[in-house]
Amino acid sequence: MQAPVPFNSPTIVGTESELLSAALSNRHISAGGPFTKEASELLRDGLDAKAVLLTTSCTAALEMAAMLARIEPGDAVVVPSFTFVTTALAFARQGAVLRFADIEPDTLGISQRTVAPLIDESVRAVVPVHYAGIPADPVGLRNVVDAQNDCLLIEDNAHGLFAELDGRPIGSIGELSTLSFHETKNFSCGEGGALVVNDESFVERAQVLLDKGTNRARFIQGHVDKYTWVDTGSSFGLSDALAALLVAQLRERDSVLSKRRSLETRYRSLLGDPLAKAGFTMPSTVPGASTAAHLVSVLAPSYSVRDALLNYLRGVGIHATFHYVPLHDSVGGLDRSDREYDCPVTTDVSQRLLRLPFFTDMTQAQVDRVAAELLLAIDKLL
Ligand SMILES: *Cc1c(COP(=O)(O)O)cnc(C)c1O
């Protein structure tokens with residue numbers, strides 16, 4: 001049997017250890033050092049943001065967003081059911097009651113259409129996920145949120161870093177958005193994330209929350225003569241040692257993206273037509289948007305075909321997987337929502353979606369092998 005193809009392998013650009021050594025030589029490895037500054041600036045400029053704060057994870061950045069939105073027990077927050085747990089959990093921890101919106105079958109994201117029926121005056125935030133970097137109706141959701149008093153658009157942009165819609169970076173329409181640098185994401189430092197602040201009025205308080213509830217940032221900038229406890233917060237800041245790994249990768253932004261985009265294009269050209277003939281679809285980005293090249297997925301015509309394909313591929317050493325287990329009918333989700341939600345598209349897609357191996361250093365030969373085995377399996381099964 002040929003060498004197995006893993007599902008994921010973390011992006012490594014080669015200069016990480018050099019910059020990690022530099023962080024150690026600097027004798028600054030806690031949060032807020034020179035690499036934190038450089039990574040934040042690269043992201044802020046690349047995303048056209050007011051500020052970017054590096055955090056220990058995307059989850060931590062979502063928790064900060066929930067605090068910035070001043071979510072209190074009983075406030076409602078609209079989230080997708082088709083997402084990773086912490087899109088919802090970060091708000092529930094702050095006391096929010098969750099309302100689960102269904103996704104659109106083409107973008108696999110929530111939309112004005114699916115969110116509008118869930119809106120009333122108790123909704124404090126709407127939290128879209130741009131699945132695979134496909135924009136989840138940012139303009140429509142902005143309109144829904146703007147029609148409400150005291151409601152924020154907070155984009156969980158863990159998948160969409162550096163994708164654009166009509167020339168604007170994904171994650172720039174919400175007051176706040178969040179990024180993940182977990183090892184499964186395009187750019188990574190093992191565990192890490194960022195809070196992207198697009199609305200100037202949140203910048204100062206975001207810094208306080210990150211600095212354990214203190215006004216340390218204002219002290220460092222010379223605005224106050226000592227720093228003290230002023231607000232809520234936590235220890236959200238990323239170590240400068242990990243920020244050094246991230247800087248190494250962000251300096252190689254173009255080469256990482258172009259490798260991933262060419263692998264994605266290769267998958268599409270090998271699979272698009274034959275899959276369509278067999279009744280499958282491949283979710284792809286919308287007109288006017290560029291791809292984040294974060295993941296490659298296929299929608300099988302049925303649950304049983306998807307599962308049979310997963311088993312077949314595993315049997316030949318190819319690690320494909322499913323995505324996501326819906327939140328609206330999970331134990332945790334039912335406990336934290338105000339009623340039972342019906343999200344039929346989410347339930348259907350989660351049973352038919354197959355994610356294929358995809359990572360920055362994947363070879364073309366590996367892509368070719370995965371595509372060939374998938375098509376062979378479909379021939380045998382259908
Ligand atoms: C990866 C991911 C997260 C969590 O990221 P962490 O950095 O591991 O906290 C949250 N939301 C989505 C959509 C993700 O894909």
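I take a polar contact to be a pair of N or O atoms within 3.5 Å. I apply this cut-off to a predicted model.

**Entry 1: contacts of the ligand**

A polar atom of the Thr59 side chain lies 2.6 Å from an oxygen atom of the ligand. I then turned to the backbone of Cys58, where a polar atom is 2.9 Å from an oxygen atom of the ligand. For Lys185, I noted 3.2 Å between an N or O atom of the side chain and an oxygen atom of the ligand. I also recorded how far the ligand is covered: alone it exposes 380 Å², of which the protein buries 92%.

**Entry 2: the shell around the ligand**

Which residues come nearest to the ligand? I listed Cys58, Thr59, Asp156, Ser180 and Lys185, out of 16 residues around the ligand. By class, I recorded five nonpolar, nine polar and two charged residues in this shell. I next asked which helices contribute to the shell. Helix H3 (58–68) supplies at least two of its residues, and so does helix H4 (85–92).

**Entry 3: the pocket that holds the ligand**

Where does the ligand sit? I found the ligand in the second largest pocket. The volume of this pocket is about 510 Å³. I noted 28 lining residues, with Phe84, His159, Thr184, Lys185 and Tyr324 nearest the centre of the pocket. Helices H3 and H4 each give at least two residues to the lining. I sorted the lining into eleven nonpolar, 13 polar and four charged residues.

**Entry 4: the largest pocket**

I then examined the largest pocket, whose volume is about 950 Å³. Its lining is made of 35 residues, and those closest to its centre are Gly32, Leu53, Gln207, Leu210 and Ala217. I looked up the elements behind this lining. Helix H2 (34–47), strand S1 (51–55), helix H7 (203–210) and helix H8 (216–220) each provide at least two of the residues. The classes in this lining are 13 nonpolar, 13 polar and nine charged.

**Entry 5: the cavities**

How many cavities of 30 Å³ or more does the count give? I recorded two cavities of that volume.

The largest cavity holds about 60 Å³ of space. Among the residues in its lining I noted His159, Gly160, Ser180, Phe181, Lys185 and His294. Lys185 therefore lines this cavity by the rule that a lining residue has an atom within 4 Å of a point. I counted the classes in this lining as five nonpolar, five polar and one charged.

For the second largest cavity I also noted about 60 Å³ of space. Phe7, Asn8, Thr184, His294, Leu295, Arg355, Leu356 and Phe358 form its lining. I put their classes down as four nonpolar, three polar and one charged. I marked His294 in my notes, as a lining residue of the largest cavity and of the second largest cavity.

Terms used. Residues are numbered from 1 along each chain as its sequence is written. This is a predicted model: local features need pLDDT of at least 70, side-chain atom pairs count only at pLDDT 80 or more; totals for chains, interfaces and linings use all residues. Side-chain values use heavy atoms; hydrogens and water are left out. A residue is near a molecule or strand if one of its heavy atoms lies within 4 Å of it. A polar contact is a pair of N or O atoms within 3.5 Å; within protein, one must be able to donate a hydrogen and the other to accept it, and residues adjacent in sequence count only if both atoms are side-chain atoms. Accessible areas come from the Shrake-Rupley method with a 1.4 Å probe; for residues, only the protein chains shown count as cover. On a 1 Å grid over the protein atoms alone, a cavity is a set of points where a 1.4 Å probe fits but cannot get out, and a pocket is an open set with protein on both sides within 12 Å along at least five of seven lines; lining residues have an atom within 4 Å of a point. A molecule sits in a cavity or pocket if more than half of its atoms lie within 2 Å of its grid points. Helices (H or I, at least four residues) and strands (E, at least two) are DSSP runs, numbered from the N terminus. Ala, Val, Leu, Ile, Met, Phe, Trp, Tyr, Cys and Pro count as nonpolar, Asp, Glu, Lys and Arg as charged, and the others, Gly among them, as polar. Grid points are joined across faces, edges and corners, and a volume is the space filled by probe spheres set on the points.
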